[in-house]
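Hello,

Here is the structure you asked about. My notes follow it, arranged by topic.

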Amino acid sequence: MTATSTSVDLDAKIPNNVGLSDDPKLQRALEQWLPKYLEWWHDMGPTDFEHMPIFLRTAVSVDRGGWANYDYVKMPDYRWGIFLTPNDSEPTIKCGDDAGTPAWSDVPGEHRNALRRIIVTQADTEPASVEQQRMLGHVAPSLYDLRNLFQVNVEEGRHLWAMVYLLQKYFGRDGRDEAEELLLRRSGDEDKPRILGAFNQPCDHWLSFFAFTMFTDRDGKYQLAALAESGFDPLARSTQFMLTEEAHHLFVGDTGLQRIIKRSAELQQLDPNGDVRAQGGIDFDLIQRTINYWYTYSLDLFGGEISSNASTFFASGLKGRYHETRRYEDHKALTGDYRLPVVENGKVVEKDVPLRTAMNEVLRDAYVADCEKVIGRWNKTLEESGSPTRLTLPSRLFHRHQGIYAGHHFDPQGKLITVEQYEANVHRWLLVPEDNDYLLSIMKPCYEPGKFANWIAPPTKGIEGRPTDFEYVKMHD
Amino acid sequence: MQQPAASSPAPVDFEVEPEHYRHWSVAYDGAIARVTMAVDPEGGLREGYELKLNSYDLGVDIELADIVRRMRFEHPEVRVVVLRSGIDRVFCAGANINMLGQSTHAWKVNFCKFTNETRCELEEATGASQQAYVAACNGTTAGGGYELALACEEIYLQDDGNSAVSLPEVPLLGVLPGTGGLTRLVDKRKVRRDRADVFSTTAEGIRGKKAKQWRLVDDVFPRSKFDEKVAVRATALVQRYSKDLPAGERKGVELTALAPEVEGNDRRYRHVALEVDQTARTASLTITGPTADDVAILRRGGEAAQQAGAELWALRAYRELDDALLHLRVNNPTVGLVLVRAKGDAQTVLDHDAALVAARDHWFVREVLLHMGRVLRRMDNTSRSFFALGDRGTAFAGNLLELALAADRFYLLDDSSAPVHVGLGELNEGALPMAHGLTRLQTRLYGEQDTLDGLVGNRALLEPSAADDAGLVTVLLDDIDWDDDVRIAIEERVSLSPDALTGMEQNLRFAGPETPESKIYARLSAWQNWIFIRPNATGPEGALTLYGRPERPSFDWQRV
Ligand SMILES: [Fe+2]
Ligand SMILES: [Fe+2]
């Protein structure tokens, strides 16, 4: 079993709490990977901001509360490291046929390929989002937001490290090959795309960035939470620690959109005709289209509604449900059905499928409920601002590219419609190129401490007790 | 759930017309044809499964077989056939697993046999007809999808960091890649057997450069250049396969519908009749030989034969025979014994064959001969007992003698008041080989080289006793004994275990060496058929049974 402790070896070339110095072979492999990673970061990260000191948090310990240390750091000097949440005494397999038996501290051969695939798929999303967001710094609405963007970026980089550590330590040569390939794929590249659809969508303005961190990172949260229940103990503990970082990304997305909504409501009232755009803001139809777009792409990330892979992963204890241990009593889930709408002979009908094969859908349920809560909060903001507008989540059948609804056409309410009806209305439902043009036209950089772009409200408070006009990024060092 | 078995009411029809394809489309562009697979998920032959991700069932494969056959007869100008998918990022996911899961054993076996025959037919086109198939794997190429690619002359895989070739049958389903996959990996592509072992147990497969390094594919091309690169390669192959083409204007010959008269299970074609006796569990399969007119057409040469087209006896009669055999297999599962008769005039058959051989430099005649060979191999692979009955008016000579040699036994009447003859022609001596490379005559006389040497080149008709002496006859009967002895032999045969008979016949029919093609049937299919009935695959806790279900398989660990 890996010796993990709460104390982090910070002086090491690669900070870690996994006793890397006691495993020279792994240490060598990771040290060989390090320069390639830095090269990737330099090529595909927020390159133009590399020389600026940024007020970032860095993990220095895995203790509760003590893990985050805030200071100015230049991004290439960020201490990307390997941190696992310390193990509880006798970890067990949390779900499936072997629930309750001791967890694996090593990869069982039987599940090697499945685990590798799970880890590679998760790992691939981390650098992908950095690539998607690499140009956003140039149009940041404030130094506060710019800093948050970079915080998210460096932590996605660290998440890649966490996954690469697992690949290199537990999957031999295959793992090393996969680790290399993670640095070779490119978001949106026709020839070497990232594995999952949403991670190949362009994200070139801040409305998309906030929607991405709100909806797509939130998928990440649920995937990580499901893997935190894994019977493969190193994976469970890696993802547990990643979740603490992920929470901040969701905060950035949630509050970012909330601040836009708040500002749009102000502009709505300011304008004699209630026209937000006339005031240089982001109108609610556009916000709704953005929600529709990113929410549905993120729904796809959960995989097929009826999935033999999902069933196998659960049955073999590789991936649990959200809060498997806390929320559920029956961890085998061998009996019982799950009812979901399916399209049959041109109609939507309800169908029962075995619960295990619906595990993707069970996880998606938790995600949808979480998103609903946030939408509720945003609508509260609207209400408090005196705006009559309300935002909604579209049906999970709408605009899908994966699973049983892909290939059919639904409206945002989830009604089955014809392809002609869909195409006649899709410009009202989803982002269109003109939206991009408009957003880019209003997104001019705002780099003065305490200043915020016209289209977004300032946050209620700053980072780590600092005021909102704190110099979160030193544009000139 | 409905069982797609012969008990199900609708019999399977093996004749299709291109305008009615549901799953495939073909675009002809001079010497290059593009065959696009876009399986209609709702278009399954039976209820109870969806053909997602370009997965296939028997209906999909019947269309593919039709494409391959028509390509050779109707589009002889085509030198290269590019096989691609019409679905983004998926080439073909292989045989539909839900379909397999809900099928009876007999259905699975017949399905696999037919798909194997289609792939052999496709593969043969490259060498024999100078029509090279190229698999353009523009996405996930899994299981039967990769086996389809393996049957092609060259395989190209899209390199997008995701698309892989794979044979996930063993790790995922507990069965074999039974459509020639394992055989072609090591025998055809000469993938190292240890690597083939790794590959065949890695469910997610192998992609990119490694797939090329391991010779699993011929090359990988980036997604943005894929179509272009494949097109360049196809053009280059057109050059290679355009050399030394057989003679004759390469104008297609349409394969018109056979349109038999159907009455219950009986099918009457122009030259072939299949009559089924369900109670006796026998069928009678009668083929009527060519006439003097048919011989006259052939004697005018290849162009005249081509003009006769689908009406040419040698093409029409064998297409009918092929269709009858398929009906027998899939729609008449309890018929155990087929009584084969050839009617007509033995000398006319030999004349016909001689004229056919004389015209064989013509592309169309060559295709006709290749087709005859394939139909006879279909008969060799049919898991029914065949007794050839040579009584009054029999014409077991030349190509029709092949039917008697393909049969498990040959009964010949020796009656001076109604003399019958048997005769050998050139077609018995190499043009219609069995899957293992020998002629049926060589196989029959495998231990009797002297007798064989004495027969080869002998073109005279043989009296029954001479045929018997030559080792061609199993039982020679006079007219007093004929009825009783034949009846008793039939009754005895149909009383034996059908499984044991299938196994016995398949072992006895193929004396001599093996080829990759014969291995696919004798080794791969045989093992597959065994695994299919093992609890580890299809028992209540078997991997195939439980695929897609919530329970995990549990194996009986005993090695058998
Ligand atoms: Fe992440
Ligand atoms: Fe994140």
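**Iron site in chain A**

The donors of the iron ion (ligand 2) are spaced along the chain as E-x60-D-x28-E-x2-H. Please keep in mind that this is a predicted model.

In residue terms, the protein donors are Glu156(A) through OE, Asp217(A) through OD, Glu246(A) through OE and His249(A) through ND1. They lie 1.9 to 2.2 Å from the iron ion (ligand 2). The angles among the four donor atoms run from 81 to 171°, and the site is irregular. Four donors count as tetrahedral only if all angles lie between 85 and 135 degrees. Water is not among the atoms, so sites may look incomplete.

Which parts of the chain does the pair Asp217(A) and His249(A) tie together? Asp217(A) sits in helix α5 (residues 206-227) of chain A and His249(A) in helix α6 (residues 233-270) of chain A, so the pair links parts that are 32 residues apart in sequence. Both residues are shielded: Asp217(A) is buried at 4% relative accessible area, and His249(A) is buried at 0%.

**Cysteines**

How many disulfides does the structure hold? Over all chains the count is zero. Cys203(A) is in no disulfide, and the nearest cysteine sulfur, in Cys371(A), is 16 Å away. Cys203(A) is buried, with 3% relative accessibility.

In chain B, the closest cysteine sulfur to that of Cys137(B) belongs to Cys152(B). The distance is 7.6 Å, which is too far for a bond because a disulfide needs the two sulfur atoms within 2.5 Å. Cys137(B) is buried as well, with a relative accessible area of 0%.

**Domains of chain B**

Chain B is split into domain 1 (18-240) and domain 2 (263-508). Taken over C-alpha atoms, the centres of domain 1 of chain B and domain 2 of chain B are 33 Å apart. Contact between them involves 14 residues of domain 1 of chain B and 18 residues of domain 2 of chain B.

Together the two domains of chain B bury about 1,500 Å² between them, with 51% of that on carbon and sulfur atoms. On the domain 1 side, the residues that lose the most area to domain 2 of chain B are Phe73(B), Lys113(B) and Glu117(B). These three together account for 37% of what that side buries.

Regards

Conventions
Residues are numbered from 1 along each chain as its sequence is written. Chains are lettered from A and ligands numbered from 1 in the order in which they are written. This is a predicted model: local features need pLDDT of at least 70, side-chain atom pairs count only at pLDDT 80 or more; totals for chains, interfaces and linings use all residues. Side-chain values use heavy atoms; hydrogens and water are left out. Donors are N, O and S atoms within 2.8 Å of the metal (3.2 Å for Na, K and Ca); water is not among the atoms, so sites may look incomplete. Four donors count as tetrahedral if all angles lie between 85 and 135 degrees; four count as square planar and six as octahedral if opposite donors are over 155 degrees apart and all others between 65 and 115; anything else is irregular. Helices (H or I, at least four residues) and strands (E, at least two) are DSSP runs, numbered from the N terminus. Buried means under 20% relative accessible area, exposed over 50%, partly exposed in between (1.4 Å probe, protein chains only). Domain bounds come from an automatic or database domain assignment. Contact means heavy atoms within 4.5 Å. Buried area is the accessible area (1.4 Å probe) that two parts lose on being put together, summed over both.
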